[in-house]
Amino acid sequence: MYDVVVIGQGLSGMLAAIWARGEGKRTAMIMSGAGKIMQSTGVLDLIPGSRGTLDEWMKQYPFHSENKADVLQAVAKFKALTRELGYPYNGDVREPVPVVTGSGHIKETALYPDTVTPVPDRGHAVVVGFQELPDFQPLFISKNLQKERPLMTVDAIRIPLGEDSQRVLTQLDAARLLDQKEVRARCLRRISGQLADKGISQADFFVFPSSLGNEAWAQTLKQFSEGLGARVTEAPGMPPNATAIRLNDRLKLKAIRSGVRLYADTTVTGADIEKNHIRSVRVRMANRATDVAGRQFVLATGGILGGGLEVTPDGIRETALHLNTDGDGRPMNPPDNLFLAGASGGRQLTRHGIVGGVYSLVSSYASVFGLRKTVAGGMAK
Amino acid sequence: MKKALETEVAVIGGGVTGTGILRDLALRGIKAVLVEQGDLGHGTSTRNHGLLHSGCRYAVRDPEAAVESYQENLILKRTIPGSIEQTGGLFVKVPGDDDAYVRRWLDSCGKLGIPVGEIPLEQAFREEPYLTKEAQAVYQVPDGTIDDFTLLIDVAADAVAHGAALLTYHEVTGIMTEQNHVSGIHVRDTRNGEEQDIYAPIVINAAGPWGMNIAKMAGVPLRIINNKGMLVVFSHRFNKRVINRLRMPGDGDIFVPAHDVTIFGTTGKNTDDPNDFSLNREEMEQMLTTGADLIPEIHQMRLIRAYSGSRPLYQKTAGKGSSGRDVTRGMALLDHGERDGLDGLITITGGKLTTFRLMAERTVDLVCKKLGSDAQCTTREAALPSRKSTDSFSGANLAPAARHKLMNWAGVRTPEFETSLKDREAANVVCECEQVTWAEIDAAIPGDGHLDLGDIRRRTRLGMGPCQGTFCNFRTAALAVEHGKAGTREADCALMRGVKERRKGMGVVATGETAKQLQLMQTIYQVSLGFGNEEEKQHV
Amino acid sequence: MNDALLDLNMFEDSYEKCLKCNACVASCPVTGATLDFGGPKHMGPELKRLIDNQQVIDDKRIEYCTLCGNCDLSCPEDVHISTLTTYAKAIHTEKHGSSFRDFVLSNAELVGKMASAFAPVTNTAMKMKPMRQVMETVMRIPKERKFPKYKFKNFNRSFANKVHGSKRKVAYFVGCYAMYNAPEVAESFVKVMNFNGIEVVKPRQKCCGVPMLANGRLKQARKNAAFNIDSLLEYTRKGYDVVTTCTSCGLALKKEYLSIDGSDKAKELAAHVYDADEYLRMLKDNGELNTHLAPMKQKVGYHAPCHMRAQGMGTPAMDILELIPGFNIYDLGAGCCGQCGTFGFKKEKYGISMKLGRTMAESVKNLDADYTVTECGMCKNQLDQLTDKEVRHPMQILAESYERAKQLQTV
């Protein structure tokens, strides 16, 4: 019997599990595969794909304005956690900042790790690409950035990472290469060489793929900013982004080491619900099913993208507990000990397919600590 | 000043019919220019099954079309080996299908000389594990599959190699006439608006579903029924051979393997607008329900997209109320001089992908008669080069799957790719689903500043797999800028256009995994890459 | 396609659910360690899709796949990636044949029988430098690599069940490692079961086939699977539960047989298979577990084997061991050990194996526990190689705790 059973291991699920465990609860996390942090950019947006203030966000999502203090507390708790994980996040949800993406376009985000630096309005930027990395093309990116920042001077250079490979590299592969000191030094030399060739001397902002080291991101960041004498940012885009993988891996390790019991490679296929109260969930293992009992349950299975909701020819279906939902997949009259975190609350919460990192963390926080007016919980009206 | 050029024959329409005619003309030494409003095959020719008929399907209903198909089947296997896979086909009788029809069918195939052989059920189930276990009889026939994309490219290339000219992205704006004779066509470049006159004593209307528009410009009456069929693409190739239902041809009874996917169709609904490529979920569901009789798991299998195309069916009498299936699928060759008193204009319509060569032969025979030429058709024997190459690309650092694809794709261009692939970056696989390298994509970009992901797709299979370009469309657009093949604005536009087009085809089939794939695509482009703002800005 | 390859047909179309999301690529330990591997997405689902109903494509990069199954663990769409890479391995081996070394390594059972018969000689020889130099030169087995010891008194000789006619009965699938290298694990298991009043029998069995699959010998693995399925079904049909102490054997019986054998019998068997800790946890949940466990005041690091995690049963070893009073067990969370069965015994993979094991070694060092516990014999081998802590199987600890409790009672 667990105190808290979390279903799902995306951002919402992992935060809920870690926080519940941190409160001394016996916690299980049941997951069918990696969560969607893996495909994300690792920066936490307010309203995905568009701009907006915290007040607008609170109106768009089902929050009451008096919850603002709770929202800020949830954010503070998240930031404290990331510091503890050795991968600190910056930013203020009240003041989203512009960051450059892997296409060169600018988007607003609320929370971002140390490897991401907000993009300035002016100055001299250089976009640095790696020849072996098709997902990040510096010329294309620099021109789009130039369009977005007319007052800025934007250049592009391209250097080889110079390691033999038998496959096409991803941003994560490049990040792992940059974990090695000698690769970093070699890259810096090549960048300097290219800058000299192109006669660029005044650059004060360098844009890199989301590849500035995986384990050794801090050293990479330091070595690159010092070596180039400029601010440095990752521009996350095509998955896998190292920005996101670092967060994913650290959260997962934290969950395991703090004693959250992981049920990996399983699927929740239903629940034993009595008088609108869940006693246990049915879990499909490799060869048979078993029941996992708990006092509280957090549904963090995601929306359509995460697999918590499935689009069928007859409409949207909730996949894990087979709850009755409305047309948006929003559970109707959910069990009293079930809390909905992240996109599992229905399609009306998503923008371009996702809820955005800030909603994830706030709803996870709510599912563990509760808010003055339950915002996530069994409700989300 | 307006551009002008002079030729003997102007061919309107860059589908298989038009390009087939262009090649036949060129091989007979007749000067010709083909104009196409979009890319080659942007109409019906790339919106079909890709079935190389053995004739069996028409053996009962239309023996003449059946025998034509069978003969062409044999010719094409020999002359266009690069675009044909000799898969063979199966005709399957399931419970409820008419026994009398089976007898008539066997009888007719026998009379027509189409080789048909029954195979043991056990063997059929072993070879085609998805086939319904309810099947009562399975016959093997010489069906095959045609890659209409490579077919068009190769036929057009051969025509150009023999002196013909090709103008894609040119629409016809008018037909020039002098007294009772056509004298040429007015065309407009759809990309830059430039106009041009093409003077030609003979104009061939091979515009397929758009044929009526051409006739109207020329002022001749023509009634073509555009019978729109919907097809769906499964995420993988689940059958080795073509699987047909052994009954009177109807909706939803053919499964055609096409490289790495299976295509299933089709429906038939008449439409007035040749540009109507709309897709209907209900129509698809009905088709799938029928298809389940042959492939019971059909509702659980992943569909990656749907598309539709119109069969241009000629109707002699311009009467209404025809359903489409009962109008002849045979070809119609109209001499508007004889028929309507406008000499030099010829319409060729109807027919099938399998009989495109024969249509070209008959059309050009008529042209020769008009031009007083005695040049003979050679396309029965003249073969296009194969697309296979052996022992190649060993110098390139290529993934075996990408090499495998190139060995079945590069054909005569093998030396060209052997050279370009020496560059490590060119050997990078950009489209993972279909294993398309940058070298292939690079070679498919025209280099005149125009970038169209659809055009690249038809030439390379880029973005045709299960992820529908989620990853490779972005890579391609960005690489095109990096390599100086396109400007940023062009690339961004091409990308948005490409993503929108893929989304359209996915939308109608978007349940289960494809719904997820669509959301993943949307999230990556709109949120991760920040194109969301871009779209907002464009709307403002 | 020639007939030999046709025999390899595997009806496995879970790849059609792949969204190309790269979760497996980002989670694959080998992909993280070397750029020579093609990555699980390509070598598994992507390749099988391009092959089905077309020509086979042989890709030698598949040699780097360890079949650890982390790809399956990470896949949100439930694509059976490691089954698909197993198929790619089979194609590759079918086309190129097995090297003598891979043939030997994949024959764990035969080697076990032989080595055990001459155990003192084998063990001494494996420690002799000239012998190892020859092995490295001839067989490309790195001389630095530690080998598990072989026991003359293997479990075939030492098996002693003391409970008869119990309600619950266990058919023990021993596996090659506990049979020939670590009979003490098998003996502990029998004791633990007997302490719970459960009869244990040892059915006729062959190697589960996992080492063969890892070396592309699919046909041989299929033969072994068919033998084991028939042999074990005789017992399950009489009411026995099949229990394993090796997590790779467990995974094979529960999951792999369903794809490589694919018969209804494989399915029937799978439903009766338990990991030893999982079995005890089930007894506990049913209130049947003997909880007379003597306190053991120890701090212990737990290494979760990949093939344990792939069974999707949580972490039963921790669930059970934490019942011992005073026992403090911590999950190292270290991921893949890098030994990966036969993989780490290969010269050309040794560097990768060491690189993969680094995280685990560091975790062990940082935790600085009294000893390490893990279920998998191969993980133990790597732990022995890379750490200086003793490594024990959960059954050894439980047997000790039960025995002490018994002594305390009798005193």
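Two strands count as paired if DSSP finds at least two bridges between them; strands here are DSSP E runs of at least two residues, helices are H or I runs of at least four, and both are numbered from the N terminus. The model is predicted, so to speak: local features need pLDDT of at least 70, side-chain atom pairs count only at pLDDT 80 or more, and totals for chains, interfaces and linings use all residues. Residues are numbered from 1 along each chain as its sequence is written, and side-chain values use heavy atoms, with hydrogens and water left out.

B:Leu52 has B:Gly144 in β9(B) as its bridge partner, and β4(B) pairs with β9 (residues 144–146) in the antiparallel sense over two bridges. The open sheet runs β4-β9-β5 (chain B), three strands with antiparallel pairing. β4 (51–52) and β5 (84–85) of chain B sit at the edges with a single partner strand each, so one side of each lacks a neighbour in the sheet.

Then there are the helices. In chain B, α15 (residues 488–507) packs on α16 (residues 512–528) at about 160 degrees, axes 10 Å apart. That makes the two roughly antiparallel, a label for angles over 145 degrees. Contact means heavy atoms within 4.5 Å; among the residues that meet are B:Leu495 and B:Val499 from α15(B), and B:Leu518 and B:Met521 from α16(B).

Helix α10 (residues 400–407) of chain B has B:Pro400, B:Ala401, B:Ala402, B:Lys405 and B:Leu406 buried, that is, under 20% relative accessible area with a 1.4 Å probe, protein chains only. These pack against elements including α11 (414–420) of chain B and α4 (40–51) of chain C.

Notes. Chains are lettered from A and ligands numbered from 1 in the order in which they are written. Axes are lines fitted to C-alpha atoms, for helices over the stretch in contact, and angles run from 0 to 180 degrees between N-to-C directions. Angles under 35 degrees count as roughly parallel, over 145 as roughly antiparallel, 65 to 115 as roughly perpendicular and the rest as oblique. Buried means under 20% relative accessible area, exposed over 50%, partly exposed in between (1.4 Å probe, protein chains only).
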